[in-house]
Every structure is written in C-alpha cells, then in structure tokens.
Amino acid sequence: MKNVKALILSLTLFSSFSMAQTGGSFEINKSVIAGGGGSASGGQFSITSTIGQPVAGTTSTGGNNSLLPGFWAPDAQNKTPFDFDGDLKTDISIFRPVDGSWWYLQSSSAQFRVYRFGIGTDKITPGDFTGDGKSDIAVFRDGIWFVQRSEDNSFFSFPFGTTGDIPAPADYDADGRTDAAVYRPSSGTWFILNSGGSGTSIVAFGAPEDKPVTADYDGDGKSDIAIFRPSDGSWWYLRSSDSQFRVFRFGVGTDKPVQGDYTGDGKADIAVFRTSTGEWFVQRSEDNSYFSFFWGQAGDIPVPGDYDGDGKFDAAVFRPSNNTWYMNQTTSGVGIVTFGSSGDLPVPNAFVP
C-alpha cells in the first residue's frame, strides 16, 4: 500500500506541471525536488540533474526520447552585486589601500569581516568567480588576477590582460560565474575569458576614450559588452541575445555611469550620477522614458546596488567627509550607516568609471 500511495502521489505531482515526455519507456527519479537533481533515463536517452534547474521550460532530446521540463524552477544564480554573504543583498564594504585590507558588513548578520588581500595599487574586481552565490574578494594587478575563494578563503591567480587594460568582470556566458574580462582602450577591444568553457572572446567595440559599462541590458542573463562615451554622453551596448548594438545619448561627459536594474524588470537601466549636484538620472529599459531624483551631494561617491534584496537597484552614496553610507532603498526606505575611514574606497563603486 505504501508503494501504491507513493505512486499516486508521484502521478499527482506530475499532473500539476506542464511536461511533455515521449519515446519508449521512461524513468524519472527525484524530479520534483525543488533544487533539482537525480537522473532521468529511458530507451537511448538519459538526463542528469536538469529538472528543477534554470533550464526548466526548454526541450531536451536524445535518441528516441524528448523531455520538456515545464514546471517552475528557482533561479540558481545570485545576480546581486557585491554580496559577500550570499543573502541576495549588496553588502556595505570598503577596500583600504594603505594596507590592502577588505572590510565588509554582512547584511545577513550585521557582523563585519576583515581580510588582507592585495596591495594599494591593485584594482579591486570582486565577483562570484566560483559560482557559489557569494562574491569573492579579487584584484587585478597589471594583467594578473588574484581571487580569494569565498568558500574557504584560499586563493588562486591567473594571467589575463596586460598593463593599461581596464578590468570589466561579469557573467558574459550565463553560467552563474563571473568571467575575467578586460577592455583595452588602446585598441577599443574586449577580451573575455568565458568560465563556461567556450574559450576566450575577443570583440572590437569602442574607442580609446570610452569607458566600459557592462551589464545585462537585454535581460537574457548574460552581461553585454557596453561603453559610455564621455565626449557626447552616449551609451553603446552590444546585445548578447542577437548581436545587435543599441545607442542612446543619456548624460554628460562629467556624469558617473551607474547602470543597473532600478525598475526590477530584469534588464539593466542606463543611469548616471551627476557629481556636481548629487542628482540621479535613470532611463527605463521598458520604454526609454526617464526619471530623476536627488540623492547625495557634491563630493559623494556613488555606490549603487540592491541593499534590501528586492531585486531592484538602490541609489546610494558613500560620503568620504564623514565615512557614512546613505542608501535610498526601494523597499526598506532610507538607510544611514557609518562604515570606513579616511582614504577607504567603497567596494560597490569598483566598476563606476
């Protein structure tokens, strides 16, 4: 009777989802576990650890069988920037050049952590290089990358780029891991080391004066090659979804690019912070309309991120004069936190050119 009940329960679970399955006899194990896993096999077909993963809704085929996993699967990739504790919230964090130390305030526990990693002249390049859902401490030094794993604080290093390159790490291949990448102003060329196994991408896109502003502008889960051109305030990005480029004029040359998903539609919005006035301007990705608001003052450093974990970027600034963070959180409201000291560099400003 227990086996019969289990079979009925299994059939009931399957009937509540949209799934097409064809071809010979087919066996599926652990198919409705929320995190996926298990295996599926039948005839000349086998699938391992796919159902419940981000590929749900696509068709897998092989031999005489095909499987359409149509039920909901949680997104296994944490896209929140500067999230060192993996709680889907950007963490307040600084890099101290005087001693190469990193300090971050865990939003999950309000406890801070300190690590010494790098030297004062390094360019900080944090990101989830190991794919565990947490940002790794990382630096770029004259063509060499150094990454401290968030899992166990061990580190690895590798060469990619050269002196004069601008680091632009991001997930360009949608495998859930940050890819090492550089923009070479001298030739207007991008070099991307894809962690998903597709090798190195080399793309000519930009000019010597341009600033890299990579982000996922088309919402396909891949960061797009993109530049901001200060001479005319124009944005150029190459859509990874169809290899077509888009151009928008938004901002002036002295503005700071602060692109991010401020509207929560899954696409990065073009945005700038005007350092002279503390005003933010955001162009909605939905319809290219824009809105603006004041948050900050002259001398503040923009540190945008998702500080309250609602899936939307929050306008935020770090004020060096008093080492205070001011966050205009879209769900949790205003946050004011003193964290840092004179000479510190706010980590969420790492990729603001």
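Visitor: Which residue takes a positive phi in the hairpin of S20 and S21?
Guide: That is Ser243, with a positive phi near 60°, and the hairpin has six residues between its strands. Please keep in mind that this is a predicted model.

Visitor: What makes S20 and S21 count as a pair?
Guide: Two strands pair if there are at least two bridges between them. Strand S20 (residues 234-238) and strand S21 (residues 245-249) have five bridges in the antiparallel sense, so they pass that test. One place to look is Trp235, whose bridge partner in S21 is Phe248.

Visitor: How do you know that S14 and S15 are paired?
Guide: The same cut-off of at least two bridges applies. S14 and strand S15 (residues 180-184) have two antiparallel bridges, so they count as a pair. Within this pairing, Pro167 has Val182 of S15 as its bridge partner.

Visitor: And which order do the strands of that sheet take?
Guide: The order is S14-S15-S16-S17, in an open sheet of four strands with antiparallel pairing.

Visitor: Why are S14 and S17 said to stand at the edges?
Guide: Strand S14 (166-167) and S17 each have a single partner strand, so one side of each has no neighbour in the sheet.

Visitor: Why is Ser108 called partly exposed?
Guide: Partly exposed lies between buried, under 20% relative accessible area, and exposed, over 50%. Ser108 has 48% relative accessibility, so it counts as partly exposed. You will find Ser108 in the loop between strand S8 (101-105) and strand S9 (112-116).

Visitor: Which residues does Ser108 touch, not counting those up to four places away in sequence?
Guide: Ser108 touches Asp85 and Asp87. Contact here requires heavy atoms within 4.5 Å. Gly86 is 22 residues from Ser108 in sequence, with 8.4 Å between their C-alpha atoms.

Visitor: Why does Ile119 count as partly exposed?
Guide: Ile119 has 40% relative accessibility, which falls between the 20% and 50% limits, so it is partly exposed. Ile119 lies in the loop between S9 and strand S10 (123-124). Leaving aside neighbours within four places in sequence, Ile119 is in contact with Phe95 and Arg141. The C-alpha atoms of Ile119 and Val98 are 7.9 Å apart, and these residues are separated by 21 residues along the chain.

Visitor: How many residues line the second largest pocket, and which lie nearest its centre?
Guide: The lining has 15 residues, with Tyr172, Ile192, Ser201, Ile225 and Ser240 nearest the centre. Strand S16 (189-194) and strand S17 (199-204) are the elements that give two or more residues to this lining. The space in the pocket is about 270 Å³.

Visitor: What kinds of residues make up that lining?
Guide: Five are nonpolar, six polar and four charged. Tyr172 and Ile192 lie nearest the centre and, as Tyr and Ile, count as nonpolar.

Visitor: Finally, how much of the protein chain counts as buried?
Guide: Of its 353 residues, 43% count as buried, and the cut-off for that is under 20% relative accessible area.

Notes
Residues numbered from 1 in each chain as written. Predicted model: local features only at pLDDT ≥ 70, side-chain atom pairs only at ≥ 80, totals over all residues. Heavy atoms only, no water. 1 Å grid on protein atoms, 1.4 Å probe; cavity = no way out; pocket = protein on both sides within 12 Å on 5 of 7 lines; lining within 4 Å. Points joined across faces, edges and corners; volume = space filled by probe spheres on them. Buried < 20%, exposed > 50% of the residue type's maximum accessible area, 1.4 Å probe, protein only.
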